[in-house]
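Welcome! Take a moment to look at it first.

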Amino acid sequence: MDPETVVIIILNGMFYALSLFLITIGLNILYGFMKVLNIAHGGLYATGAFLTWALMNTAAKAGYPIYILWLCIPVGAFLVGLLALVIEPLLFKRLYRLREEYSLLATFGLMLVFDDSLRMIFGGSPLSANQLYNWMGTLTILGKSYPTYNFVIYAFAIAVALGLWIFFFKTKMGRILRGTAQDREMSACLGVNVSILYTETFFLAVFIAGLGGAIYLPATNAYSGMGFEPIVLSFAVMIIGGLGSLKGALVAASMIGLVRAFGIALMPELELAVVFLILIITLIVRPRGLFGKKFTREEK
Amino acid sequence: MKTKYIIALIIGLLLASVLPLVIPKYYTYVLSVTICFAIYALGYNILFGRTGLLSFGHALYLGIGAYTVAALMRPELGPYRIFSMELLLLAAIVTSAIVGLGVGALCIRYTRIFFGLINLGFVMVWHALLLKLYHITGGTDGLPVYIPSTLGITLPYETFRTFSFYYYVLAVFLIVTYVMWRIYNSPFGLALKAIRENGVRAEFIGIPVGRYRLAAYVISAIYGGIGGALWAPLSGQVSPDVSTWLTSGDVVMMNILGGMFNFAGPIVGAFLFYNLKIQIMHFTTYWSFILGLSAIFFVLVFPGGIMGWLSTKMKKFYGQKA
């Protein structure tokens, strides 16, 4: 392979990796704080893409200027966040007390509901809204043209990672959140309203997933079933990176994305096997993941 | 109390054997497939409900059972092709036990989500291999499965899937259910329950937790293999779709719907899940919407599953009488 191709493969790999990263962060937050394994997160990611499509399509048809189209992305994500404010009190609040298996089954059910609802509302054929993507044009890298919009995504994902890091480790709210994750009762005793905190955290996790779906829409399509594929890989990323680790999620997502991209280029159809082999090997050699905390005896 | 159970069993058996004569052919076929899934779900529950280990990858063994049958029937094998269902079942048991022993030895060191995901990893690797090694596995098309001979007799092709094989599947189902019942009520089965409740304490009182978990894992793998091996001739075709994370999720759903802490739970769950799925698919394409809603409903309203709910009701009823 010539170096140009390698660079393009790496860029494509990172492009995919960052979508996994944006989903994994949400999963990590939800598992780290509420001990809920949210399979429906893939559905929320898809909802983000579909709602943004609806907004963008209307805006583009009405002939609004391009900055309105940009605005559609955060608005779409915010709408998904509002959805979270509905499903959290209705469903998830009841799941926090239950065993992991139950929350898993309920969120799997929710995922099916999301997927079919999107299919009911938007139909089964892929929907594209590539106005922004075309408007950004292409760059030339080592003699090959590459869409500029993808760099927006890279910058965006890095910004999200940095922002979250600052939020969790440098703000008071982040400190309260981390404390509550460690000991829920103690935080409640110290005057933290855990119920509202959980709703806020849930909103944050879902908002990021919605943003992920929204920002990827101009470069890809919104299609039914789009939530299913990344959710399994995101669980793998979460485990490989280590539960609750932001850095781990980024590193593991990049790893999976790159392996997948090179796998597709070199030995198509085996790329999934390689990705899951990495998962198996990580679990055998280092079950707490790359950057996870050590287990206590009970957790084993 | 015991005679009541025996009478109920005899009535159930009579009903099950008369049913194919009454109901349409298609439903006999559906019933046979359901029984295969019931075996698979029953085996899964010794791991899930009894030992407390949630695996996301048990369709691996369903696939191994089914592909073992298909592979041994391949025309390429010439004179070594096997058509005897008993030998095929034996082969499926052996292969799934070997794979279960290997995979299980790696898995049982972990619990919770780690256990679940390492199993998911294995089923996805197997799925990818089924797709990729197409000269052996037939790729996406899969492999055809021919009509096997049962007890040395080759039954007529026309009524095999819709009538005669049903009785064979039913007989195997009764045997494996009885075996599972004995396992549940053996000291080993009770020790598994102790492991589920508290692994560390179980270790303190001298239960070899690791070895018992592995044993439970292998048993569930074998049941998955048997379910897959019986399902293959009914389906007439095996394809990689049988082993994905979605089919692995189905069995979890069956167990929770039926009730994972009840012996009959997975059997009831398998019947309910599969038949509900077929019935809903008849009148709407949005069957997964309804399935999803019912999963949420069950978790919130009947967390013990149907059988768990029934048994508490029964206890209350009989308690009041006495």
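**Exercise 1.** In strand 2 of chain A, which residue is the bridge partner of T140(A)?

*Solution.* Start with the ground rules. This is a predicted model, in which local features need pLDDT of at least 70, side-chain atom pairs count only at pLDDT 80 or more, and totals for chains, interfaces and linings use all residues. Residues are numbered from 1 along each chain as its sequence is written, while chains are lettered from A and ligands numbered from 1 in the order in which they are written.

Step 1: find the strands. Helices (H or I, at least four residues) and strands (E, at least two) are DSSP runs, numbered from the N terminus. In chain A, strand 1 covers residues 138–141 and strand 2 covers residues 144–147.

Step 2: see how they pair. Strands pair if DSSP finds at least two bridges between them; here four bridges join the two, which run antiparallel.

Step 3: read off the partner. T140(A) is bridged to S145(A).

**Exercise 2.** Describe the make-up of each chain.

*Solution.* Step 1: list the elements. Chain A has twelve helices and two strands, in the order α-α-α-α-α-β-β-α-α-α-α-α-α-α from the N terminus on.

Step 1: turn to chain B. This chain contains 14 helices and two strands. With a radius of gyration of 20 Å, close to the 20 Å that the rule gives for 322 residues, chain B is likewise as compact as a globular protein of its length.

Step 2: look at burial. A residue is buried if 20 or more other C-beta atoms, placed from the backbone, lie within 10 Å of its own, exposed if 12 or fewer, and partly exposed in between. Buried residues make up 45% of chain A and 47% of chain B.

**Exercise 3.** Work out what chain B brings to the contact with chain A.

*Solution.* Step 1: count the residues. Two residues are in contact if their C-beta atoms, placed from the backbone, lie within 7 Å. The contact takes 34 residues from chain B and 37 residues from chain A.

Step 1: find the main contributor. Helix 5 of chain B gives the most to the side of chain B that touches chain A, with 13 residues.

Step 2: sort by class. That side of chain B has 27 nonpolar, five polar and two charged residues. Here Ala, Val, Leu, Ile, Met, Phe, Trp, Tyr, Cys and Pro count as nonpolar, Asp, Glu, Lys and Arg as charged, and the others, Gly among them, as polar.

**Exercise 4.** Is I39(B) buried or exposed?

*Solution.* I39(B) sits in helix 2 (residues 25–50) of chain B.

Step 1: count its surroundings. I39(B) is buried, with 30 other C-beta atoms within 10 Å.

Step 2: name the contacts. Leaving aside neighbours within four places in sequence, I39(B) is in contact with F173(B), V176(B), Y223(B), I226(B) and G227(B).

How values were computed. The radius of gyration is taken over C-alpha atoms; the globule rule is 2.2 Å times the number of residues to the power 0.38.
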